[in-house]
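Have the viewer open and follow along.

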Amino acid sequence: MKKEYTSQDLRRLPGVTYDTLRTWAGRRNTDTKRKNGKPQPVLLSPIRKPGSTHCWVYGSDAVERIWWIRMLQMLGFKNDQIEKILDAPDNKPSEEIWDSLDAKINDLRWKTQHLSVAQRFAETIRSVGKLPAFPREDGIDDIDRYLEVLPVDPKVGSSDYETGSRELMKAHGMDKDAVIAQANTPELSGLRSEIYRYIRILQVRLIPADSPQVYSLVDNLYTELFEKHGHELSVFHSAGTMLASQGGQGRVLDDMYGAGFSAYLAEAIFIYCFIQSLQANEQEQSTDKF
């Protein structure tokens with residue numbers, strides 16, 4: 001591994017030009033006309049100024065730093081945000097950056113899911129020479145299934161997680177902002193915290209997630225926060241899926257109630273939804289007999 005890299009060496013990297021290096025090193029700051037009149041952040045500093053060759057020299061960490069910059073740019077961070085991340089003490093960005101990462105992780109999961117569907121669609125056409133069958137699932141209405149695999153109009157709608165989740169809830173007659181507002185009223189927040197606290201006690205005592213005690217608490221959680229507001233079991237199941245993905249909300253709950261709490265709660269929600277679905281099917285079958 002080289003100990004030093006010239007600007008000519010680094011320009012072998014895809015997409016890295018002399019102009020890029022000049023911007024990242026902040027040398028545009030000396031220009032008379034600066035972008036919006038503001039200095040550029042310094043993301044990459046040369047260790048030695050050029051001599052007569054006019055070839056700047058960078059340290060051995062330059063390639064790694066450029067890789068960081070490129071990856072953060074791919075996530076949508078601007079140069080000033082990248083500068084804050086790179087210069088953060090002990091490489092620990094601020095809470096603001098962590099929060100934005102939660103949203104970006106959700107977006108990437110969302111895009112991965114739908115790109116995977118698109119890839120399978122294209123591969124099927126290529127391999128068998130015809131359009132694939134609609135991806136149906138037993139027990140799921142075709143309209144609901146369509147919304148799962150393609151929740152936004154690809155021609156006019158954004159494919160980001162926030163827009164997609166809002167459109168998906170809207171298609172099911174729910175307003176995302178109203179749902180969030182209802183769940184965050186002081187009364188319901190207090191009730192939710194109390195239920196979570198009792199569930200945590202059972203978790204610490206190594207009570208299985210399918211125990212009657214946990215089932216009863218999860219039943220209260222569903223009744224008060226979902227059923228009373230007209231939300232079906234599928235919405236509650238989706239909440240469990242979000243917790244199981246260890247996203248932002250799961251991390252918040254783990255911080256408040258201990259490591260592993262969100263995974264334990266997600267398991268309890270899945271078990272509750274499964275048992276409730278079985279009971280609902282039995283009731284439908286007995287009704288059909290009469």
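Leaving out neighbours within four places in sequence, Ile 199 is in contact with Leu 217, Val 218, Phe 261, Tyr 264 and Leu 265; contact here means heavy atoms within 4.5 Å. All of this comes from a predicted model, in which local features need pLDDT of at least 70, side-chain atom pairs count only at pLDDT 80 or more, and totals for chains, interfaces and linings use all residues. Residues are numbered from 1 along each chain as its sequence is written, and side-chain values use heavy atoms, with hydrogens and water left out.

**Nonpolar cores**

Ile 199 is also one of the residues with the most contacts inside the largest nonpolar core, along with Val 218, Phe 236 and Leu 265. That core has 30 residues. A nonpolar core is a set of buried Ala, Val, Leu, Ile, Met, Phe, Trp, Tyr and Cys residues joined through side-chain atoms within 4.5 Å. Buried means under 20% relative accessible area, exposed means over 50%, and partly exposed lies in between (1.4 Å probe, protein chains only).

Which helices supply this core? At least two residues each come from H9, H10, H11 (233-244), H12 (248-257) and H13 (261-289). H13 gives the most, with 8 residues. Helices are DSSP runs of H or I with at least four residues, strands are runs of E with at least two, and both are numbered from the N terminus. A second, separate core of 20 residues includes Tyr 58, Ala 62, Ile 66 and Leu 101. As a general point, nonpolar side chains tend to be buried together in soluble globular proteins.

**A loop between two of these helices**

Leu 206 sits in the loop between H9 (186-204) and H10 (212-225). Its phi is near 60°, a positive value in a residue other than glycine. Is Leu 206 buried or exposed? Leu 206 counts as exposed because its relative accessibility is 74%.

**Salt bridges**

A search of the whole structure finds 7 salt bridges, where a side-chain nitrogen of Lys or Arg must be within 4 Å of a carboxyl oxygen of Asp or Glu. Three of them are listed here, among the 7.

| Pair | N to O distance |
|---|---|
| Arg 136 and Asp 142 | 3.2 Å |
| Arg 145 and Glu 137 | 3.5 Å |
| Arg 166 and Asp 177 | 3.2 Å |

The last pair links distant parts of the chain, with Arg 166 in helix H7 (residues 161-171) and Asp 177 in helix H8 (residues 176-183), 11 residues apart. Arg 166 is partly exposed at 29% relative accessibility, and Asp 177 is partly exposed at 47%.

In the other two pairs, Arg 136 is exposed with a relative accessible area of 56%, while Asp 142 is partly exposed at 34%. Arg 145 is buried, since its relative accessible area is 13%, and Glu 137 is partly exposed at 38%.

**Two more places to look**

Ser 7 belongs to helix H1 (residues 7-10) and counts as buried because its relative accessibility is 5%. Not counting residues up to four places away in sequence, Ser 7 touches Leu 21, Cys 55, Trp 56 and Tyr 58. Tyr 58 is also among the residues of the second core.

Asp 99 lies in helix H5 (residues 95-128) and is partly exposed at 47% relative accessibility. How far apart are Asp 99 and Gly 248 in sequence and in space? The two are 149 residues apart in sequence and 7.7 Å apart in space, C-alpha to C-alpha.
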